[in-house]
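Here is a friendly walk through a two-chain model, one part at a time. Please keep the sequence and the 3D view open as you read.

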Amino acid sequence: MSLVELHAIHKSFGELEVLKGIDLKIEEGQVIALIGKSGSGKSTLLRTINGLETINDGTIMVAGKKVGDRDTDVLTLRLNVGMVFQQFNLFPHYTALENVMLSPQVVKKQSKAEAKDVAEEMLAKVGLADKMMHYPDQLSGGQQQRVAIARALAMKPRVLLCDEVTSALDPELVNEVLAVVRQLAEEGMTLVMVTHEMRFAREVCDKLVFMHQGRIHESGAPEDVFANPKTPELASFVGGLA
Amino acid sequence: MSEFSLWDIVYNLLLAARWTVLLSLTAFVLGGIVGLLLLMVRTAGNPWAMRLVRGYVELFQGTPLLMQLFIVFFGLPLIGIDVSPWIAAMLGLTLFTSAFLTEIWRGCVESIGLGQWEASASLGMNFRQQMRYIILPQALRIAVPPTVGFSVQVVKGTAVASIIGFVELTKAGTMITNATYAPFTVYGCVAVMYFLICFPLSLYARHLEGKLRHVAR
């Protein structure tokens, strides 16, 4: 049984159909990159996995349980699925430590001491043990994004979604965030990422999923996808990057 | 007929000004509580409830405060509820205040970026938790200056209560004028007193605005 199973997912924004029947299985421990041109539906697909976008048709199964459209279903789903955003979205009125501690306390009802232990561990893991008392606006973009990753990890999700996590960063800050993601992948965390960092995707991922016009156009192991694209669309996408 | 000194006038106005302050405070506190409840309903997303709140806000923003007081004061007795001028004034101003505060605060809540909602949602928080820990603390900072600014409108709004016979500052002014035949002196004093209540509030609102420019993260 796969950790996440998407079956025949359809999603429209008004008249515009952005997902036209997506089937995707995510296995425990797998690292998957969604690639494709902007507007191909990859971010929308990622956002359906944790219920930030409601779907018009299809089914989502997480850990063997079907996700319905009741609010409680979505909340349960989100306990299993963490997310990191392009724009970090840290809570500006809390310190780094509080950002990471908040949800375990509020949602999982952990004690303050327990939440603090976990938060300190996670912040140390992303290399920010010395920035815990800083507010988001006192941190660089790369540091903010690493706090966001620690914040998601503190909820102990079974899969982590990364939506273009380096796209809003200055070039010199990209690597510190990628290093953290790489470390997570090596530790066996299940990851699904939308990314434009092709070299990184190639090195770290088990599977690349190429999206084109709302469909999964082609997918496979990174070396195959890059070396032998089977469709002209992927060939031109890969070629355009070279 | 006895002579009124300026001090007699000021002293009697000061006594009445207590009621202006009390009415303002009551309307502001009760209006704030009702406004907060309406805000929660307005942002929670049920379309019918949202429409209802919007209608409520439009109703009170689109009619003069005086008419609202008249309707409370003369309308409630028609359905068998007798209200004193104090109750009518308090009720009318509370409704008026709640409508405006809901609208002011809604703007503040909506100025909090979608990213904050999405980040907190993806951490598993429900609506109530999002509001309490993420949205309201941030919205509150933005809301303080316009809220304090609006309190000035409430203070001045209490003057209208004089027309339904509630003895506050303005009504006291009218009564003293009727006894002294010195309307300019009396109303001059009334105006000064309103100013002394309102001006510090305005100053404070401006001060908070300056301070918040630094805090805005």
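Predicted model: local features only at pLDDT ≥ 70, side-chain atom pairs only at ≥ 80, totals over all residues.

Residues are numbered from 1 along each chain as its sequence is written, while chains are lettered from A and ligands numbered from 1 in the order in which they are written.

**Chain B**

Let us begin with the helices. Chain B has 8 helices and 0 strands, where helices (H or I, at least four residues) and strands (E, at least two) are DSSP runs numbered from the N terminus. The table collects some overall values for chain B.

| Property of chain B | Value |
|---|---|
| C-alpha span along the principal axes | about 75 × 50 × 20 Å |
| Buried share of the 217 residues | 35% |
| Share of contacts at least 6 apart in sequence that join residues at least 24 apart | 78% |

Buried here means that 20 or more other C-beta atoms lie within 10 Å of a residue's own, exposed means 12 or fewer, and partly exposed is in between, with C-beta atoms placed from the backbone. Two residues are in contact if their C-beta atoms, placed from the backbone, lie within 7 Å.

An unreviewed UniProt entry lists "domain: ABC transmembrane type-1" for residues 17-205 of chain B; such annotations may be inferred rather than shown by experiment. Over residues 17-205, chain B is 84% helix and 0% strand, with the end C-alpha atoms 22 Å apart.

**Where the chains meet**

The contact takes 16 residues from chain B and 21 residues from chain A. On the side of chain B, α5 (114-122) and α6 (127-157) are the elements that give two or more residues, and α5(B) gives the most, with 6 residues.

**Chain A: a sheet and a loop**

In chain A, 4 strands form an open antiparallel sheet in the order β2-β1-β4-β5; two strands pair if DSSP finds at least two bridges between them. At the edges are β2 and β5 (65-66) of chain A, each pairing on one side only. Strand β4 (residues 57-62) of chain A is joined to β5(A) by 2 bridges, and A:Met61 has A:Lys66 in β5(A) as its bridge partner.

The loop between β2 (16-26) and β3 (31-35) of chain A holds A:Gly29. Why does A:Gly29 count as partly exposed? Because A:Gly29 has 14 other C-beta atoms within 10 Å. Leaving aside neighbours within four places in sequence, A:Gly29 is in contact with A:Gly188 and A:Thr190.
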